[in-house]
Amino acid sequence: MKNLNFYEVFISSPSDLQDERKMIKEFIDNYKFNKDVRLSGVLWEKDLPATSGVSPQELINRNLLPNADILIGLFSTRFGSSTENSESGTVEEIELFINSGKPVILYFIKDKKSKAASDLVLEDVRNLEKILLFKQKYENKGIYKEITLSELQQNLQKDLEFNLNELLSNNIQHNAYNIIGMNKINDINMVEKKNIPCDELPENKDVKYRGNWWADDSITKFINEYLMNKGFGAKYKADITFNENLQFIKGSSGYTEETTTQILKSAKEYAFNKKYGNFEYGKDLRDKYNSWSKKIKERIQKFFDDDLNTKKILGIGSNYGKELEDIFGKNMLKHCTVLDISNDAISKGKKIYPDMEFVKGDMESPYLVNTKFDICVCLRTIQSRGAFRQNVIIQMDRALAKNGLMLISIPNGYIDETNSNTIVRGLYDHRIQDIQKRRPEQLACKIWNKLIDYGYENVGMETLDTEVLIWGVKNDRT
């Protein structure tokens with residue numbers, strides 16, 4: 001962002017929505033959110049610099065998208081013209097924005113028809129088919145709505161307001177490193193202010209991170225390794241969730257739908273076993289900041305008047321259980337349950353912690369447990385690009401007792417073993433082989449807002465040296 005008060009909104013659509021593009025820009029330029037915020041609508045045809053030797057799409061990607069803070073995307077009857085990197089320039093712009101972690105507002109206009117159904121030619125039908133496939137790709141992401149033209153302005157105002165509130169709260173978190181407790185997005189109540197050391201990233205131009213376990217070993221890499229060894233005729237994609245991969249691969253793998261599903265689930269288990277089955281915590285950022293567990297326990301303790309020793313605790317993706325021991329201590333292990341997908345981690349945990357219960361399971365599917373827990377923690381697990389965060393939160397909610405505490409965290413950096421064990425802040429993206437510095441706080445804000453949407457109370461966030469914490473209490477009306 002250039003500053004806290006000025007936001008650029010990029011308007012993306014195929015050529016059949018020229019009038020709507022102009023209307024949206026006029027609405028944005030004149031919209032009064034509050035006295036401290038100014039908006040500017042960006043249209044490539046008006047704002048793109050003129051030059052030779054570079055394609056218009058490359059200029060958009062290089063000059064307009066990086067400066068924009070929100071993207072509004074529109075589709076109706078046209079899918080858009082193909083580019084060097086995508087089937088549609090509009091799709092390329094939307095997905096670049098999604099991958100950057102910045103908010104996308106996407107509308108499918110359902111009543112703007114250029115032709116009667118009987119007059120549609122093959123090209124028209126193909127456009128509609130491509131739009132449908134694109135819509136299906138994001139149908140579980142919560143980023144789009146199907147609306148009529150008469151509903152456009154009303155939805156635009158509501159969705160802009162929501163995303164501006166999120167951006168404003170994100171800026172407060174990023175710039176001040178505050179601990180925040182809130183029940184409404186626009187009702188920010190500062191509890192205390194805390195300055196957290198945040199090491200500057202080294203120059204990333206040459207991608208200096210090869211040779212680190214977190215840069216070399218991706219879940220996608222191991223899933224495809226398994227599929228290749230099985231002679232599977234389809235490839236797992238890194239930029240979509242596991243369930244989306246499942247939907248795309250079904251019917252094209254040469255196997256039945258049931259067999260395809262089972263092979264992919266086995267591949268996922270193989271990948272997590274290989275990356276985390278024998279995870280060495282000594283290479284982890286928590287090993288450098290060994291007060292992390294104390295800080296997390298102190299945060300949990302604030303929500304309970306009585307002794308934690310009476311509480312039932314569930315650790316989602318807690319590997320072989322060490323992090324639960326670090327946080328709660330040996331005396332609490334008999335009250336702890338670990339749910340993890342890795343057979344190797346569970347086998348290891350059962351040997352080291354015989355008093356702890358271990359359950360094999362996927363964090364996005366119903367847990368095979370018959371109890372309700374007072375505390376559910378999911379630490380440094382939910383950030384995986386293959387996971388659908390909403391499903392994870394829903395499953396945690398189902399396992400949580402009334403007035404129970406949900407605590408989630410996003411990793412806040414790594415140890416670079418190839419560079420004198422320096423610390424780099426952010427999340428590593430295997431697709432671009434680089435660190436996204438602001439990604440932890442961006443993901444944390446999304447989870448924070450989702451807990452508010454689900455009616456959780458005392459929702460808050462805190463940035464530690466090792467991770468960004470997000471929490472909320474399940475009230476007795478949820």
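**Strands, loops and spaces: a dialogue**

Trainee: How many bridges join E12 to strand E18?
Mentor: In this predicted model, strand E18 covers residues 467-473 and runs antiparallel to E12. The number of bridges joining E12 to E18 is seven.

Trainee: In which sense do E11 and E12 pair?
Mentor: Strands of a sheet pair through backbone hydrogen bonds, either parallel or antiparallel. Between E11 and E12 there are six bridges, and Cys 376 has Met 406 in E12 as its bridge partner. The sense of the E11 and E12 pairing is parallel.

Trainee: How many of the 12 residues of strand E12 are buried?
Mentor: Strand E12 spans residues 400-411. A residue is counted as buried when its relative accessible area is under 20%. The strand is largely enclosed by the rest of the structure, because the buried residues number 10 of the 12.

Trainee: What is the phi of Ser 420, a residue other than glycine?
Mentor: Ser 420 is found in the loop between strand E13 (414-416) and strand E14 (422-424). With a relative accessible area of 68%, Ser 420 is exposed. Arg 380, which is not a glycine, has a positive phi of about 55°. For Ser 420, phi is also positive, near 55°.

Trainee: How far apart in space are Ile 435 and Val 424, C-alpha to C-alpha?
Mentor: Ile 435 belongs to strand E16, residues 434-436. Its relative accessibility is 7%, so Ile 435 counts as buried. In sequence, Ile 435 and Val 424 are 11 residues apart. Their C-alpha to C-alpha distance in space is 8.1 Å.

Trainee: Which are the edge strands of the open sheet of five strands?
Mentor: The five strands of this open sheet follow the order E2-E1-E3-E4-E5, with parallel pairing. An edge strand here pairs on one side only, and the twist from one strand to the next averages 20°. The edge strands are E2 (38-42) and E5 (144-147).

Trainee: What angle does the direction of helix H1 make with that of E2?
Mentor: Strand E1 (residues 6-12) and E2 pair over five bridges in the parallel sense, and Phe 6 stands opposite Arg 38 in E2. Helix H1 (residues 18-30) packs on the sheet and touches E1, E2 and strand E3 (70-75). The angle between the directions of H1 and E2 is about 165°.

Trainee: Which helix lies across E1, E3 and strand E4?
Mentor: Strand E4 covers residues 104-109. The helix in question spans residues 89-100 and runs at about 145° to E3. That helix is H4.

Trainee: How many polar residues does the lining of the second largest pocket have?
Mentor: The second largest pocket has a volume of about 440 Å³ and is lined by 23 residues, with Pro 14, Ser 15, Gly 80, Ser 81 and Gly 89 nearest its centre. At least two lining residues come from each of E1, H1, helix H3 (56-64), H4 and helix H5 (122-137). By class, the lining has six nonpolar and five charged residues, and the polar residues number 12.

Trainee: How much space lies in the largest cavity?
Mentor: The count of cavities of 30 Å³ or more comes to one. The residues lining the largest cavity are Tyr 289, Ser 291, Trp 292, Lys 295, Leu 464, Asp 465 and Thr 466. By class, that lining has three nonpolar, two polar and two charged residues. The space in the largest cavity is about 30 Å³.

Trainee: What share of the 478 residues in the protein is buried?
Mentor: The secondary structure comes to 16 helices and 18 strands. Among contacts between residues at least 6 apart in sequence, 68% join residues at least 24 apart. The share of the 478 residues that is buried is 53%.

Note on methods:
Residues are numbered from 1 along each chain as its sequence is written. This is a predicted model: local features need pLDDT of at least 70, side-chain atom pairs count only at pLDDT 80 or more; totals for chains, interfaces and linings use all residues. Side-chain values use heavy atoms; hydrogens and water are left out. Two strands pair if DSSP finds at least two bridges between them. Helices (H or I, at least four residues) and strands (E, at least two) are DSSP runs, numbered from the N terminus. Axes are lines fitted to C-alpha atoms, for helices over the stretch in contact, and angles run from 0 to 180 degrees between N-to-C directions. Contact means heavy atoms within 4.5 Å. Buried means under 20% relative accessible area, exposed over 50%, partly exposed in between (1.4 Å probe, protein chains only). On a 1 Å grid over the protein atoms alone, a cavity is a set of points where a 1.4 Å probe fits but cannot get out, and a pocket is an open set with protein on both sides within 12 Å along at least five of seven lines; lining residues have an atom within 4 Å of a point. Grid points are joined across faces, edges and corners, and a volume is the space filled by probe spheres set on the points. Ala, Val, Leu, Ile, Met, Phe, Trp, Tyr, Cys and Pro count as nonpolar, Asp, Glu, Lys and Arg as charged, and the others, Gly among them, as polar.
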